[in-house]
Amino acid sequence: MTNDERMALIHAELDGDLSSQQRADLARLLLADPQMRALRDELKGLCSRLDAIGQVEPPPQLKDSILKRLPSVPVAPTYRKASFGRWRLAAMVAGLLMAGTIVYETVQGPAPGSRETAGTMAADAPTTVDSVALGGGSVTGRATLYRDKNGLAVGLEVSTAEPVDVLITSGGHSFRINALGSSEPPGHARQTVALPGVKMQGQDIELSLLVGERTLSRATLRAPAGP
Amino acid sequence: MKEEDDAALVLRCREGDRHAFEQLVIRYQKPVFNVALRMLRDRQDALDIAQTTFLKAFEHLADYDPAFRFYSWLYRIAINESLNALALRKPRGDLDANAADERPGPDRDAEGGQALQAIEDALMRLSPELRSAAILRHITQLSYENIAQALGLPEKTVKSRLHSARERLREHLLRDEVI
């Protein structure tokens with residue numbers, strides 16, 4: 001049994017996640033190895049201390065201070081989980097329209113109105129506002145600022161050797177993507193995040209790639225004043 | 001049962017019932033405040049984060065996916081806000097590790113006070129990623145599944161972070177001769 005496997009058994013015991021077979025394995029290992037026994041006892045003591053920290057009462061005025069600051073409008077308009085689904089839907093609709101156009105033109109021959117069709121298709125599709133390369137440490141990639149009828153969104157495409165957090169700030173708004181690149185297989189990640197509340201007002205949108213508190217790189221997207 | 005209650009309250013909030021949101025604030029203000037307090041170890045910052053967390057939750061309630069537990073979503077906002085606050089914080093050297101917790105009187109006077117102080121110091125020496133895993137597990141007592149939802153990570157990654165957190169804490173406390 002490797003050291004990692006032994007440690008996993010100890011942590012599983014601390015979490016109360018041991019099967020009866022694992023419990024027997026652990027008991028045998030502990031009996032045979034005093035060092036492992038000491039380590040287990042130290043970690044057990046540590047967890048007891050952590051659990052004993054408990055929770056302190058917040059100040060009594062916290063609730064009222066929150067309720068006082070609630071906006072009068074109860075809930076923002078629906079802007080569901082980033083815009084990944086929306087992009088995918090837009091791409092599917094665009095794909096279907098394009099396939100339809102190709103079939104139609106194959107059957108009917110090129111029609112004079114095909115350019116207008118393309119124009120209509122583009123009206124609701126996301127348009128690229130700005131794009132910037134990302135680089136720093138073991139991360140490379142690109143950030144793109146999009147706009148569609150729902151507002152602004154940032155698309156990120158990165159290659160990274162370790163999961164990175166992305167902090168996006170603009171004006172008083174901040175958005176965070178945790179552990180980009182942590183899904184399996186690791187390395188290449190793509191994600192789009194909607195920026196509700198951020199308008200086209202000629203402002204900068206700052207991006208920071210972070211690993212822990214260490215900033216790997218920064219980049220700026222520009223949202224020019226909209227029409 | 002409690003989850004059903006949360007879901008019902010969220011539904012009422014979405015229909016514009018502010019009293020329902022007040023119930024959610026009453027229910028979760030303590031753990032949210034404590035998550036922020038342990039992440040930042042600054043009472044005033046923790047208050048600000050707790051307020052911001054609930055305000056953001058209210059403003060974006062339409063974005064909440066009922067497939068997840070409401071409190072996981074709430075903790076996710078609180079953790080993200082705390083991470084943002086830490087990222088924007090100017091380097092303070094050992095200040096974080098030495099900052100006094102403002103827990104009043106009797107708890108701190110007890111015999112275990114010093115040991116508690118030592119473990120709080122050790123928590124602040126962890127990276128924010130490891131610290132958030134340890135806090136959600138040991139302070140708010142969340143399951144791995146709920147921590148994974150709150151941190152937006154696979155359960156496997158959460159386990160790995162929590163194990164690393166415990167082992168680093170053990171090393172710190174051994175060095176300080178607390179255990």
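Modeller: Before we start, two residues are in contact if their C-beta atoms, placed from the backbone, lie within 7 Å. This is a predicted model, in which local features need pLDDT of at least 70 and side-chain atom pairs count only at pLDDT 80 or more, while totals for chains, interfaces and linings use all residues. Residues are numbered from 1 along each chain as its sequence is written, and chains are lettered from A, with ligands numbered from 1, in the order in which they are written.

Biologist: OK, what share of the contacts in chain A between residues at least 6 apart join residues at least 24 apart?

Modeller: In chain A, 50% of those contacts do.

Biologist: And how many helices and strands does chain A have?

Modeller: Chain A has six helices and eight strands, taking DSSP runs of H or I with at least four residues as helices and of E with at least two as strands, numbered from the N terminus. Along the sequence the pattern of chain A is α-α-α-α-α-α-β-β-β-β-β-β-β-β.

Biologist: How many residues of chain B are in contact with chain A?

Modeller: On the chain B side there are 51, in contact with 41 residues of chain A. Several helices of chain B each supply at least two residues to that side, including α1 (2–14), α2 (18–40) and α10 (155–175), and α2(B) gives the most, with ten residues.

Biologist: What follows α10(B)?

Modeller: E177(B) does, and its phi is positive, near 55°.
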